[in-house]
Amino acid sequence: MSDQVHVSRHPLVLHKLALLRSNLTEPKKFRELVREIAQLLFYEATQDLGLAPLTVQTPLAPCEGYEVAERVGVIPILRAGLGMSEAVIDILPTVHVWHLGLYRDHETLQPVTYYNKLPNEPNIDLSIIVDPMLATGGSAVAAVDILKHWGARRIKFLGLIAAPEGVQNLSTAHPDVPIYLAAIDSHLDERGYIVPGLGDAGDRQFGTG
Ligand code: PRP
Ligand code: URA
């Protein structure tokens, strides 16, 4: 696998991923698992975040420390990316969250943009797109296209489960975008669903299946 694609081997990720996939997992538990896995993957995807030194005063003495020096933007692809962005903002409260609404046309599997909340000027150093599913890759490629057109320079993609086709399409279209995942599955079925996957990530989070 290329250096561009990072698939977590962390035992906690693998444990929670199996629970997430199970069709016995109801929406409340599903949402909790999305949040937990997203936080673990975000931790892995931000190992290279820029830091600046700072001094804090403990109850005993001054102490040298660090603070995150980069402006990080998280871009959830609606709907299913919402649970991941809420997880990320919990552990890095300074992130900017910019929503992008894309859905996949059921017939053509092509992404359709219906909402774009990006400000006029790029105001972040690192953009992290979050979406649980990288299936054909059409939505992720479109989201990166939109961010690059907007002026974003450093972009990462954070997903939970990918199909090989999605990884191939995203990495070919945007070889400069690192991809962080919990798993790459076997294939896409005839309806464009990832097999074995977890079904429809939006429906399972929001109880709309
Ligand atoms: C799902 C998923 C991705 C997209 C992936 O969203 O959350 O955004 O499909 O498929 P692709 O890689 O083939 O583009 P969906 O279109 O079902 O919308 P939803 O999140 O509103 O349910
Ligand atoms: N979107 C989903 O939610 N699941 C898939 O398997 C493919 C696209």
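Trainee: Which residues surround ligand 2?
Mentor: This is a predicted model, so to speak of local features takes a pLDDT of at least 70, side-chain atom pairs count only at pLDDT 80 or more, and totals for chains, interfaces and linings use all residues. Residues are numbered from 1 along each chain as its sequence is written, chains are lettered from A and ligands numbered from 1 in the order written, and side-chain values use heavy atoms, leaving out hydrogens and water. With a residue counted as near if one of its heavy atoms lies within 4 Å, ligand 2 is surrounded by R104, M133, A135, G192, Y193, I194, G199, D200 and A201.

Trainee: How much space lies in the largest pocket?
Mentor: A pocket is an open set of points on a 1 Å grid over the protein atoms alone, where a 1.4 Å probe fits, with protein on both sides within 12 Å along at least five of seven lines; lining residues have an atom within 4 Å of a point. Probe spheres set on the points fill the volume, and here that's about 590 Å³.

Trainee: Which residues are closest to the centre of the largest pocket?
Mentor: Its lining takes two or more residues from each of β4 (72-78), β6 (100-104), β9 (133-134), α4 (138-150) and α6 (201-206). By class the lining has 14 nonpolar, eight polar and five charged residues. Out of 27 lining residues, the closest to the centre are A80, L102, Y103, R104 and D200.

Trainee: Why is strand β10 largely enclosed by the rest of the structure?
Mentor: β10 runs parallel to β8 (residues 126-130), joined by five bridges, and I128 stands opposite K156. β10 also pairs in the parallel sense with β12 (residues 179-181) over two bridges, where F157 stands opposite I179. Buried means under 20% relative accessible area with a 1.4 Å probe, protein chains only. β10 (residues 154-158) is largely enclosed because, of its five residues, the number buried is four.

Note on methods: Buried means under 20% relative accessible area, exposed over 50%, partly exposed in between (1.4 Å probe, protein chains only). Two strands pair if DSSP finds at least two bridges between them. Ala, Val, Leu, Ile, Met, Phe, Trp, Tyr, Cys and Pro count as nonpolar, Asp, Glu, Lys and Arg as charged, and the others, Gly among them, as polar.
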